[in-house]
Amino acid sequence: MEDLIEDAKLRPILDSRGRITLEAELSSSGIVARASAPSGKSRGRREVVAFPKGGWRTALRVFSETVREAILGHEVHDQEGFDSLLREIDGTPNFAKIGGSTAIALSMALAKLGASLSEMPLYRYLGGIGPKGLPRPVGNVIGGGAHTIGGPTIQEFLVIPEEESFLASAIRAAEVHARIPDLVRGRKGPIHLGVNDERAWAAPVDDREALSILREVAGEMKIGVDAAASQFFDGKRYEFMGKRLDPEDYVVELGSLVEEFGVFYLEDPAAEDDIDSFRAIVRAHPRVLVVGDDLFTTSPARIRELGPEGVARAVLIKPNQIGTVTDTLSAVAEGRRWGMEPVVSHRSGETCEEFIAHLAVAVGARFIKTGVVGGERTAKLNELIRIEEGLGAKS
Ligand code: PEP
Ligand code: CA
């Protein structure tokens, strides 16, 4: 029996920054599925656009005038056909007409509706019947860059607890997060600390101090950074640690920090178009998980193009960078074809949407980067805790 989309809605809701994002609702046979789009701030140049010109109001108008009618009656379990239809209705390479937020909210809502109608957990609906394990959390504990005013240049300082269960790992990350203010005060005196967009601590420390705090607090745990280096590259030089550096010198400078502090996870160490520096970093640090975010923007075509170049060991997977669930899954597959593992990720602007928790389990990701505290972050962590319980002790 076919399951057809009987109703479709799109509404504005608030994200964690208090800005408007979009939530889609699709229904069939009395079941309603809902999904909302997150929002990035430190965005890759090749990401799909969030809203058409005119913003979210135009997105709502375009939805009611051209998208809604076209998707009503579509088969719920034909995700690929639905996602192609969205691309067809849009007709641009980057969802400039209907908006990427509309596209990803609808696409994720369809997958959730399909899972509900199939009476299956979403991770199984998306990931099939094979054995499933839980990822481990990559937790942002100190913030800088575009997410934080007055912090270090590097955007994210990350801890990676790998306890025996996901639950124990999430608790460990939260304990580390809670210890940061005291360690900062130990170096800077009795100051007040706030949190940034991703609820990482915004601390008046430089990159070296942040790394030293991170190393101290992490103990034996793996640590990582998201340099988000496009943000401090002007096309010729990197403005890093108070110096203006040529790419060759920057790679050496960053590389020495990576070695000194034993950084395992290294996201966007170079600017998204500085392919030579990516390649040099991958070669120079054979045991480091070099992750491409702005570099790939979850684009299967971009991953295919850069696959043979040896520029990364992992692909950051953010569904709203590419706009559909089908393309997100293709990005995972394309990355694996070139020997790169997927790392599933939130955005700095989030909702309590838990889709990426299921996605991480569905694709068998070793890591998920989704923050440590704050309702919009713990929505994902807590969903993973529930999934772990559902899977039993084998996670
Ligand atoms: C990131 O750069 O990895 C990130 C989550 O930030 P944003 O969502 O602002 O792009
Ligand atoms: Ca990033």
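1. From which domains does the shell around ligand 1 draw at least three residues each? Domain 1 (7-119) and domain 2 (136-394) each supply at least three; those bounds come from an automatic or database domain assignment. A caveat before going on: this is a predicted model, where local features need pLDDT of at least 70, side-chain atom pairs count only at pLDDT 80 or more, and totals for chains, interfaces and linings use all residues. On bookkeeping, residues are numbered from 1 along each chain as its sequence is written, while chains are lettered from A and ligands numbered from 1 in the order in which they are written.

2. Here's the shell itself. Around ligand 1 sit Gly-40, Lys-41, Ser-42, Arg-43, Gln-155, Asp-226, Ala-228, Asp-293, Ser-345, Arg-347 and Ser-348, with a residue counted as near if its C-beta atom, placed from the backbone, lies within 6 Å of the ligand. By class that makes one nonpolar, five polar and five charged residues. The classes go like this: Ala, Val, Leu, Ile, Met, Phe, Trp, Tyr, Cys and Pro are nonpolar, Asp, Glu, Lys and Arg are charged, and the others, Gly among them, are polar.

3. Next, the overall build. The protein chain has 13 helices and 15 strands, taken as DSSP runs numbered from the N terminus (helices H or I, at least four residues; strands E, at least two). Its radius of gyration is 21 Å, close to the 21 Å that the globule rule gives for 395 residues, so the chain is as compact as a globular protein of that length. That radius is taken over C-alpha atoms, and the rule is 2.2 Å times the number of residues to the power 0.38. The C-alpha atoms fill a box of roughly 60 × 45 × 40 Å along the principal axes.

4. Buried here means 20 or more other C-beta atoms within 10 Å of a residue's own, exposed means 12 or fewer, and partly exposed is in between, with C-beta atoms placed from the backbone. Of the contacts with a separation of 6 or more, 71% join residues 24 or more positions apart; a contact needs C-beta atoms, placed from the backbone, within 7 Å.

5. Now the domain boundary. The centres of domain 1 and domain 2, taken over C-alpha atoms, are 26 Å apart. Across the boundary, 31 residues of domain 1 contact 31 residues of domain 2. On the domain 1 side, β3 (31-36), α2 (79-90) and α3 are the elements giving two or more residues, and α3 gives the most, with seven. That side divides into 11 nonpolar, 11 polar and nine charged residues.

6. What about the largest nonpolar core? A nonpolar core is a set of buried Ala, Val, Leu, Ile, Met, Phe, Trp, Tyr and Cys residues joined through C-beta atoms within 7 Å. Of its 121 residues, Ala-105, Ala-109, Ile-142, Leu-214 and Ala-312 touch the most other members. Helix α3 (residues 100-117) gives the largest share, 10 residues. Leaving aside residues up to four places away in sequence, Ala-109 touches Ala-24, Glu-25, Leu-26, Ala-33, Arg-34 and Ala-35.

7. Two backbone spots to look at. Phe-95, in the loop between α2 and α3, has a positive phi of about 55° although it is not a glycine. Phe-95 counts as buried, with 28 C-beta neighbours inside 10 Å. Thr-298, in the loop between β12 (289-292) and α9 (300-306), also isn't a glycine and has a positive phi of about 50°. Thr-298 is buried too, with 30 other C-beta atoms within 10 Å.

Technical notes. Two residues are in contact if their C-beta atoms, placed from the backbone, lie within 7 Å.
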